[in-house]
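Hello,

Here is the model I promised to pass on.

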Amino acid sequence: MSSGSRRASQFLQEKEDEVPQWIPGLGADKPKPRTLGTSFFGYVPDAFVEKTPFLPSEKKATTPKDVSKDVEEDKIVTSPDAPHHLDPVNGDPQQREMDASSDEGVVTEEVVVPQRVGQRKAEPWDAHTPDSVDGSAQNRLLIKGGRVVNDDMMQDADVYIEDGVIKQVGLNLHTPGGTRVVEAKGHLVMPGGIDTHTHMQLPFMGTFAVDDFYTGTRAALAGGTTMIMDFALPQRGESLVEAYHRWRSWADPKVCCDYALHVGVTWWSDKVANEMEELTEEHGINSFKMFMAYKDTWQLGDDELLESFKQCKAIGAVAQVHAENGDIIKEKSKQLLSLGITGPEGHEMSRPEEVEAEATNRACVLANQVGCPLYVVHVMSKSAADVVSSKRKQGHIVFGEPIAASLGTNGNHYWHKCWRHAAAHVMGPPLRPDPQTPSYLMDLLSNGDLQTTGTDNCTFSASQKALGKDDFTKIPNGVNGVEDRMSVIWEKGVVSGKMDPCRFVAVTSTNAAKIFNIYPKKGRIAVGSDADIVVWNPHATRTISAKTHYQAVDFNIFEGMEVHGIADYVICHGRVVVEEGNVRAVSGMGKFVPTPSHSPYVFGRVQERDMANAPQKVERAAYDGPVTQLNNQGLTQAGESSIIPTSQEFYTRGPTRCGGLNLHDSSFHVSGRQINDDIRPRTSIRLLSPHNGSSLGSQVNDKSPKRPSVKVNNPPGGKASGSFW
């Protein structure tokens with residue numbers, strides 16, 4: 001064995017023998033457990049703090065005996081063959097799940113105060129410092145004989161990697177001695193996947209997602225995803241910046257691959273606007289998510305949405321929306337529960353497809369009115385997808401994100417006779433019962449009407465889902481997908497003939513990198529790009545199952561699906577972390593990736609669009625005619641030139657609402673009453689004065705003798721006895 005190989009083996013052995021600082025039970029001063037209420041968002045103060053009992057600065061010295069014991073536990077947790085009922089973060093989840101579903105409704109967690117994460121001074125692609133490089137063959141890698149696939153082209157080429165960066169792409173490359181060679185003949189060499197939507201370790205509905213940043217990112221690598229984008233979600237009234245630092249403190253010690261963060265805007269004030277700007281300028285956050293659902297918790301009103309959209313545009317950030325009408329959902333949920341519908345089917349019935357479509361349309365209209373680019377997360381239905389497609393055709397800057405669940409399965413599972421099976425599919429927005437929905441969404445994804453793919457990966461065990469066994473509104477929302485996204489999209493998209501490999505790369509990686517402004521460092525195989533690469537075997541098949549997946553959750557919504565396309569090799573930071581089914585991920589290997597503002601792919605046409613569509617004033621001469629005067633009641637007062645009579649001695653009815661003559665009134669009076677000189681009704685009646693015989697103020701028949709009534713015996717139209725005419 002060469003010296004380089006020996007050093008590489010020694011490095012891997014050292015990593016495997018490290019005593020993980022997140023194993024519960026180490027040390028004698030273990031903090032007391034805290035309890036979390038299980039109401040919909042029933043958190044106690046400090047409930048979001050780190051669940052691991054030790055941070056690097058707090059690690060307590062152990063005896064050799066303790067280290068030996070801990071190493072054995074570490075090997076059990078990190079081994080790919082380890083039983084999946086073990087949770088490498090919080091110990092035995094079976095006990096945790098029992099706590100989650102107990103009558104008291106509490107979850108016991110180990111907590112310590114998280115450390116605040118400072119501003120990152122360098123981009124992640126500059127983080128490969130000489131100190132982290134040992135000069136071994138592990139840092140020099142040649143992928144040979146494969147077909148390189150980018151979003152715009154395919155070519156037969158080799159790829160040479162050094163120190164985590166792609167150095168050469170082409171044929172007949174000159175490489176240094178000792179370079180490790182990965183044989184990729186008959187395989188596709190593609191950029192690593194970017195999952196745009198995950199929720200690792202999320203505190204939600206009184207409990208926590210079982211996949212944390214270690215198990216979640218490890219599973220992502222197993223499926224060919226080399227970067228995730230998670231969400232820091234503050235509670236109403238909480239600082240966005242503090243939420244960001246909390247998520248950083250959770251993720252940084254655990255992630256096995258690179259990650260970025262979106263930040264949720266769950267309430268609105270001037271402070272929120274200022275913190276959005278701070279996050280964008282100082283912490284590398286260029287996307288903010290607003291909720292139109294979860295009324296009384298995270299939901300924003302239309303006025304708050306407008307303000308948040310305006311601020312996103314001003315700071316060059318991408319505005320994201322969870323598009324559902326929360327008011328309708330709350331009302332329909334009450335109605336269904338009153339009818340005795342408490343099972344998982346009620347979840348879909350309370351959030352029908354048109355509720356998602358209405359909110360999607362409203363979000364597009366609001367964003368377009370202030371000229372803000374919009375990103376609609378987890379597009380789940382045909383009608384919502386049609387809204388995105390239609391608005392793009394109308395010139396709106398809007399992007400749509402279907403997820404692995406909506407592309408790979410449907411909502412008929414909510415009517416499954418097994419409650420556990422049905423509840424495992426509960427997510428928001430829900431899967432749609434129409435079995436044609438996945439194929440329809442894939443068509444729109446293939447032709448460009450939808451642009452990216454995520455998973456909304458937010459996993460809860462069966463006992464956690466059972467918190468809502470008697471009320472579907474209390475079932476924690478979330479499903480798996482981070483491990484199987486690439487295979488499901490390959491199967492439903494490429495194998496079905498709907499898209500080619502280039503489009504597959506675009507929707508699983510490149511478009512996300514462009515939208516969130518990390519392209520071409522991510523999302524492309526080119527000189528200077530990060531060496532996050534998947535060697536994809538398009539001919540191999542596997543069957544998806546919870547028994548074999550790497551995620552901590554005990555259910556898989558794609559259970560039993562046979563898929564073509566397997567990640568034979570996954571390279572992250574230039575290191576082989578997955579090799580023919582064996583995952584050798586290292587906790588903490590991944591890095592936070594800042595996402596700069598003003599992405600050219602998103603904002604490249606905003607300024608010109610605003611200028612082209614700016615309202616234009618019409619230049620005209622000033623109006624110099626008469627102006628109607630209004631009294632205190634807002635009624636029109638007649639001017640001197642008005643022809644409308646105002647004398648109540650002659651006209652008994654006032655003018656009409658628009659100021660005209662009231663046609664229900666008459667200018668003729670039997671008594672021949674006098675009218676004023678300035679009132680000349682436009683009639684054929686000659687006016688005579690009753691006092692001096694003049695023609696002023698009298699009616700034409702004032703002096704005519706009165707005729708007696710005439711009895712008509714045979715009037716026209718038939719005899720009517722006793723009628724007078």
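Asp327 counts as partly exposed, at 40% relative accessibility; here buried means under 20% relative accessible area, exposed over 50%, and partly exposed in between, with a 1.4 Å probe and protein chains only. Its side chain meets that of Lys295 in a salt bridge (2.9 Å, N to O), the term standing for a side-chain nitrogen of Lys or Arg within 4 Å of a carboxyl oxygen of Asp or Glu. Lys295 lies in the loop between S15 and H7 and Asp327 in helix H8 (residues 326-338), so the pair ties together parts that are 32 residues apart in sequence. Helices (H or I, at least four residues) and strands (E, at least two) are DSSP runs, numbered from the N terminus. Lys295 is partly exposed as well, at 34% relative accessibility.

Before I go on, a word on the source: this is a predicted model, where local features need pLDDT of at least 70 and side-chain atom pairs count only at pLDDT 80 or more, while totals for chains, interfaces and linings use all residues. Residues are numbered from 1 along each chain as its sequence is written, and side-chain values use heavy atoms, with hydrogens and water left out.

Back to the charged pairs: a search of the whole structure finds 28 salt bridges. One of them links the side chains of Arg246 and Glu238 (2.4 Å, N to O). Arg246 is buried, with a relative accessible area of 12%, and Glu238 counts as buried at 16%. Asp470 pairs with Lys469, their closest N and O atoms being 2.9 Å apart, and Asp470 is exposed at 53% relative accessibility. There is also a network, in which salt bridges that share partners join Asp151, Asp152, Lys514 and Arg524.

The backbone has some points for you to look at too. Asp296, in the loop between strand S15 (287-291) and helix H7 (302-315), has a phi near 75°, a positive value in a residue other than glycine. Asp296 is exposed, with a relative accessible area of 54%.

The loop between helix H17 (501-515) and strand S19 (533-543) holds Pro520, which a cis peptide bond joins to Tyr519, with omega about 5°. Asn517 is found in the loop between H17 and S19; its phi is positive, near 65°, and Asn517 is buried, with a relative accessible area of 18%.

A cis peptide bond also joins Gly428 and Pro429, with omega about -10°. Pro429 lies in the loop between helix H13 (419-424) and helix H14 (437-447).

Best wishes
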